Amino acid sequence: MFIVYVIWPIGESLLLSLYDWDGLYNREGEFTGRFVGLANFEELWSDPAFVTSLVNNVIWLALYLLAVPAGLLIAVFLNQSVRGIRLYKSLFFFPFVISQVVVGLIFSWFYAPNFGLFYMIIEWVTGQGVAILAEEKYVTYGIIAAGLWPQIAYVMILYLTGLNNVAPDQVEAARLDGAKGWRMLWYVILPQLRPATFIAVVVTVIGALRSFDLVSIMTTGGPFGSSRVLSFYMYEQALSEYGYRMGYGAAIAVVLFGIMMIFISGFIWKMWRDETER
């Protein structure tokens, strides 16, 4: 199943990126693509829309990783035995169970000029509101903030599961040695949360690099293409009414896959090195 649903499609995408193809077959069912070699990749680097999408993906990746420490801190807080903690857990868990489409709509209303809560707060504080989704220099950050809301909840769930498996005897021994607060977290808790941290980083990186739905719902890549990311630009080029360039879209997908693999492979290598040095 892994070969059929993962390895084979990756190979097909790599092969397709070497062709100029509109996605159609002739009447005999024959492939009509024209082999162009690396021409699609050469065109990418002179395409300003691709460069904008790539820069936006780097911003997404850098800021999306904030979900990992934020989710950890919330999980540590929710792991306490205090009155009403189940209600707090439900409130923090809520963003994870709603769809990304709903998240996009909620934040679109939140940012909306004239009646959006965020717009009204900014207008009250500064005297002039800011239409986040209509400003080229702010739109990407506004969409990232919307994406971080459910992503932090997801990471929190991963860490809450990991905290349930923390060895209580090690915690008690550390307390007897005088460890508490940040020292307890850094030297005792975090080393036991490495599996959860690995999964949290991997899913966060993947989520940042395949950020399509929020961009599509909130801005459709606008204004003037300033909020495009690689996955959305790939869709525009390959599948939308503006594209039908399957080979060019596949080339964008290959670049996106390469970035993802470099980052995740580096993290896996670091985890393996840390484990072997023990």
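**Rings, a domain and a threonine**

Modeller: Start with a cluster: ring pairs link Phe94, Phe107, Phe110, Tyr111, Phe118 and Trp149. Keep in mind that this is a predicted model.

Colleague: How many aromatic pairs does the structure hold?

Modeller: It holds 20 aromatic pairs. One of them is Phe107 with Phe110, an edge-to-face pair. The centres are 5.8 Å apart, with 75° between the planes.

Colleague: Why edge-to-face for Phe107 and Phe110?

Modeller: Because the planes are at 75°, and over 60 degrees counts as edge-to-face.

Colleague: Where do Phe107 and Phe110 lie?

Modeller: Both are in helix 6, residues 100-111. They sit three residues apart, about one turn of the helix.

Colleague: Is Phe107 buried or exposed? And what about Phe110?

Modeller: Phe107 is buried, at 12% relative accessibility. Phe110 is partly exposed, with a relative accessible area of 27%.

Colleague: What about the rings of Phe232 and Tyr235?

Modeller: Their centres are 6.0 Å apart and the planes are at 50°, so that pair is tilted. Phe232 and Tyr235 both belong to helix 13, residues 230-238. The spacing is three residues, about one turn of the helix.

Colleague: Which of those two is buried, and which is partly exposed?

Modeller: Phe232 is buried, with a relative accessible area of 4%. Tyr235 is partly exposed, at 33% relative accessibility.

Colleague: What lies over the face of Tyr248?

Modeller: Arg245 does, at 4.2 Å from the ring centre.

Colleague: Changing topic. What does UniProt place at residues 53-269?

Modeller: The UniProt entry, which is unreviewed, gives "domain: ABC transmembrane type-1" there. In the model, residues 53-269 are 74% helix and 0% strand. The end C-alpha atoms of that stretch are 28 Å apart.

Colleague: Last one, Thr140. Which helix is that in?

Modeller: Helix 8, residues 139-163. Thr140 is buried, with a relative accessible area of 5%.

Colleague: What is Thr140 in contact with, leaving aside neighbours within four places in sequence?

Modeller: Thr140 is in contact with Asn56, Ile59, Trp60, Ser226 and Ser227.

Colleague: Which of them has a side chain joined to that of Thr140 by a polar contact?

Modeller: Asn56. The polar contact between the side chains of Thr140 and Asn56 is 3.4 Å.

Note on methods:
Residues numbered from 1 in each chain as written. Predicted model: local features only at pLDDT ≥ 70, side-chain atom pairs only at ≥ 80, totals over all residues. Heavy atoms only, no water. UniProt positions renumbered as here; feature names shortened; annotations may be inferred. Helix = DSSP H or I, 4+ residues; strand = E, 2+ residues; numbered from the N terminus. Phe/Tyr/Trp six-rings, centres within 6.5 Å; stacked < 30°, edge-to-face > 60°. Buried < 20%, exposed > 50% of the residue type's maximum accessible area, 1.4 Å probe, protein only. Lys NZ or Arg CZ within 6 Å of the ring centre and 35° of its normal. Polar contact = N/O pair within 3.5 Å; in protein donor to acceptor, adjacent residues only side chain to side chain. Contact = heavy atoms within 4.5 Å.
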